[in-house]
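I am opening a notebook on this structure. I want to look up how its parts meet and what lies inside.

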Amino acid sequence: MNEMSSMTPEQLNAGGYSTPDGRPIGSPVMEMKNITLKFGGVTALSNISFNILEGEIRAIIGPNGAGKSSMLNVINGFYHPQEGEVWFQGSPRPSMPPYEIAEQGIARTFQNIALFKGMSTLQNVMTGRQLKMKKNMFWQMLRYGPAIQEEVEHRRKAEEVIDFLEIQHIRHAPVGSLPYGLQKRVELARALAMEPDLLLLDEPMAGMNVEEKEDMSRFILDVNEQYGTTIALIEHDMAVVMDIADRVVVLDYGRMLADGTPGEVQADQAVIDAYLGVSS
Amino acid sequence: MFYREAGQYKTSYAKDLQAFPIKQDKIGMFIWGILAVVVAVIGIPGLGYDFAMKAIIIPTLIFTITALGLNILVGFAGQISLGTGAFMGVGAYACLKLTTFFPDVNILIHFVLSGFVAAVIGMFFGLPSLRIKGFYLVVATLGAQFFLEWAFGRIPWLYNFADSGAIEVPTRTLFGVPITGASADVTWQYFIVLFFLAGMTWIASNLIRGRIGRSWMMIRDMDIAAELIGVRPLWTKLSAFAVSSFYCGVSGALMVFIWLGAAEVESFDINHSFLYLFMVIIGGLGSITGSFMGAAFIWIFPILLKEVGKSFGYNATLMENISLVAIGVMIVIILIKEPHGLARLWQISKQKLRLWPFPH
């Protein structure tokens with residue numbers, strides 16, 4: 001038994017511990033407080049509360065239609081819950097357009113790849129640097145002096161990410177022509193290029209074979225370790241989640257079934273029932 | 001064999017970010033530069049100098065500016081406009097008013113200023129793009145086309161209350177040489193248009209390779225993802241409309257003042273808007289080279305066909321109809337064979353040339 005699972009849920013929720021492999025976990029970055037989200041008569045999420053701590057890998061799991069993606073969209077600011085509050089870095093977050101959420105340091109990838117198909121891998125990664133680039137239209141027009149300096153500086157950052165995710169060989173390839181697994185990786189690269197504080201991954205391993213899943217898991221762990229990025233991810237593959245997540249939230253039919261370390265969640269009777277069915 | 005970048009290593013990102021990183025392309029651009037000067041001296045061999053300049057070269061260069069502008073909007077920013085002709089009209093009428101009010105200011109400055117007037121108008125008519133996309137946006141820009149056309153014909157102030165109801169271009173000079181009006185010097189006109197085209201091509205290529213160009217392409221390819229990365233749809237779309245209309249405005253002013261010499265509303269009608277859209281689509285959406293190729297193809301091909309026909313003794317009306325049919329057929333063939341336009345064909349042939357003569 002590791003150190004974490006001997007802690008009470010209250011201790012875990014407060015943060016300030018370190019994981020078995022020694023990464024420090026800080027205070028809450030994001031807190032969901034009694035979130036209820038409805039679409040007309042359908043309740044997608046009901047009364048959900050959990051938090052995401054700085055530096056951890058937080059997984060959201062659940063069967064199909066459990067409300068995982070809706071949850072991510074709430075975190076992302078794409079959906080505005082009817083009830084409850086989203087607290088970001090210690091204060092309630094007002095509803096704001098998506099581009100302002102990006103400015104706050106939240107990046108995400110999509111379940112169905114949302115790359116810019118008309119651009120190359122490099123250009124796609126460069127788009128992640130968009131918010132950090134400030135030179136105005138005048139300099140952009142001349143592409144001289146400050147503008148080209150800025151471009152070079154951010155190209156270097158983009159190349160670092162490309163290096164990190166090992167996609168150098170497809171740098172100039174149009175992303176539309178890449179195989180699925182690589183497209184997923186380019187999308188991660190684009191999100192990483194934003195240097196986010198919080199990275200949301202919507203099924204990063206969906207549709208991948210075992211080898212690709214292993215690669216992706218390694219990259220996610222590396223990102224978390226090297227950049228200290230807080231990660232919240234949705235994933236179907238239980239084995240992967242149990243391996244890489246620090247804490248897991250389990251949703252089912254928009255309700256929260258369990259919240260805790262992978263070990264705890266796996267032992268939870270409600271979770272077992274939801275996943276395996278209740279024996280009569 | 002000749003077009004091969006082997007051995008040309010880039011040692012800094014700045015070098016890799018150049019417009020023409022490959023040495024052969026630089027040589028190619030240099031040859032184009034020389035050719036541009038040679039054409040100014042001798043015209044096109046086999047055709048009269050004035051005819052070649054007035055009927056072929058100058059209009060092609062002007063339409064290339066239009067195509068560049070429209071390509072920024074349609075090809076790079078993914079918005080669509082059928083108001084191109086009208087926006088060119090805004091440039092032309094703005095230039096007329098400006099040069100009427102400030103006759104002493106150099107006409108070249110007025111060309112640029114009328115571009116800005118068109119940019120403002122274009123931005124205004126681009127506002128619907130924030131709410132609607134695709135075909136619906138086409139209809140909205142069609143509104144711009146009809147409204148502006150109406151304004152050009154019905155507001156006499158715009159054409160200085162001329163009896164003809166048309167723009168009558170006054171004579172303006174540059175360094176003492178008349179460049180607009182009836183007595184204008186054709187070679188000078190050519191160089192002015194070339195100057196504008198070169199400058200605006202340079203600016204367009206800079207813009208699309210930088211932050212702003214990327215934000216246009218982000219909105220074009222996947223607007224939701226673009227927003228989540230921090231692109232503001234409002235400014236991105238409106239800046240695309242503004243830059244695009246600026247290009248159209250300048251080319252409209254050039255078209256009337258340098259090329260036509262006098263223009264009525266018909267020069268800015270919907271047929272012309274379609275023509276410019278064809279140029280962009282045939283040339284290749286999202287490609288600067290494509291704008292050049294599309295404008296040249298749509299403008300020069302029918303003229304050459306007519307000339308060839310004339311030399312075989314067919315009458316001009318017959319050849320005109322044949323060229324209409326031929327250009328229609330060519331458009332269909334190109335769009336079926338290569339939906340990405342002439343620019344893609346050019347790209348493919350460059351790729352092939354890289355390996356030639358050994359294809360593996």
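**Entry 1: the domains of chain A.** I note at the start that this is a predicted model. I looked up how chain A is divided, and found domain 1 (1–105 + 196–280) and domain 2 (115–195). Their C-alpha centres lie 28 Å apart. On the domain 1 side I count 21 residues in the contact, and on the domain 2 side 13 residues.

I then looked up the area buried between domain 1 and domain 2 of chain A, which is about 1400 Å², with 72% of that from carbon and sulfur atoms. Within domain 1 of chain A, the residues losing the most area to domain 2 are Pro196(A), Phe219(A) and Tyr227(A), and together they make up 36% of what that side buries.

Entry 2: For polar contacts between the two domains, the count is two residue pairs.

Next I checked which elements of domain 1 of chain A touch domain 2. Helix H3 (98–103), strand E7 (198–202) and helix H8 (210–227) of chain A are those that give two or more residues to that side. H8(A) has the largest share, nine residues.

**Entry 3: chain B against chain A.** I turned to the interface of the two chains. Here 31 residues of chain B are in contact with 41 residues of chain A. The chains bury about 3200 Å² between them, and 66% of this is on carbon and sulfur atoms. In chain B, the most area is lost to chain A by Tyr13(B), Arg211(B) and Leu228(B), together 24% of what that side buries.

I count three salt bridges between chain B and chain A. I looked up the pair Arg214(B) and Glu151(A), which forms a salt bridge with its closest N and O atoms 3.0 Å apart.

Several helices of chain B each supply at least two residues to the side that touches chain A, among them helix H1 (13–16), helix H7 (186–209) and helix H10 (233–260). Which helix gives the largest share of that side? I find that H8(B) does, with eight residues.

**Entry 4: the cores.** The largest nonpolar core has 150 residues, and Phe111(B) and Trp216(B) have the most contacts inside it. Helix H3 (residues 49–76) of chain B gives the most to this core, 16 residues. The core also draws at least three residues from each of domain 1 and domain 2 of chain A.

Leaving out residues up to four places away in sequence, Phe111(B) touches Cys95(B), Phe196(B), Val250(B), Ala253(B), Leu254(B), Phe257(B) and Ile258(B). There is also a second, separate core of 27 residues, which includes Ala44(A), Leu45(A), Ile52(A) and Phe88(A).

**Entry 5: one serine.** I looked up Ser287(B) in the loop between helix H11 (270–283) and helix H12 (288–311) of chain B. Is Ser287(B) buried or exposed? Ser287(B) counts as buried because its relative accessible area is 14%, and the cut-off for buried is under 20%.

A polar atom of the Ser287(B) side chain lies 3.4 Å from the backbone nitrogen of Thr289(B). Apart from neighbours within four places in sequence, Ser287(B) is in contact with Asn71(B), Phe76(B) and Ala343(B).

Notes. Residues numbered from 1 in each chain as written. Chains lettered and ligands numbered in written order. Predicted model: local features only at pLDDT ≥ 70, side-chain atom pairs only at ≥ 80, totals over all residues. Heavy atoms only, no water. Helix = DSSP H or I, 4+ residues; strand = E, 2+ residues; numbered from the N terminus. Buried < 20%, exposed > 50% of the residue type's maximum accessible area, 1.4 Å probe, protein only. Polar contact = N/O pair within 3.5 Å; in protein donor to acceptor, adjacent residues only side chain to side chain. Contact = heavy atoms within 4.5 Å. Core = buried A, V, L, I, M, F, W, Y, C linked by side-chain atoms within 4.5 Å. Domains from an automatic or database assignment. Buried area = accessible area lost by both parts, 1.4 Å probe. Salt bridge = Lys/Arg side-chain N within 4 Å of Asp/Glu carboxyl O.
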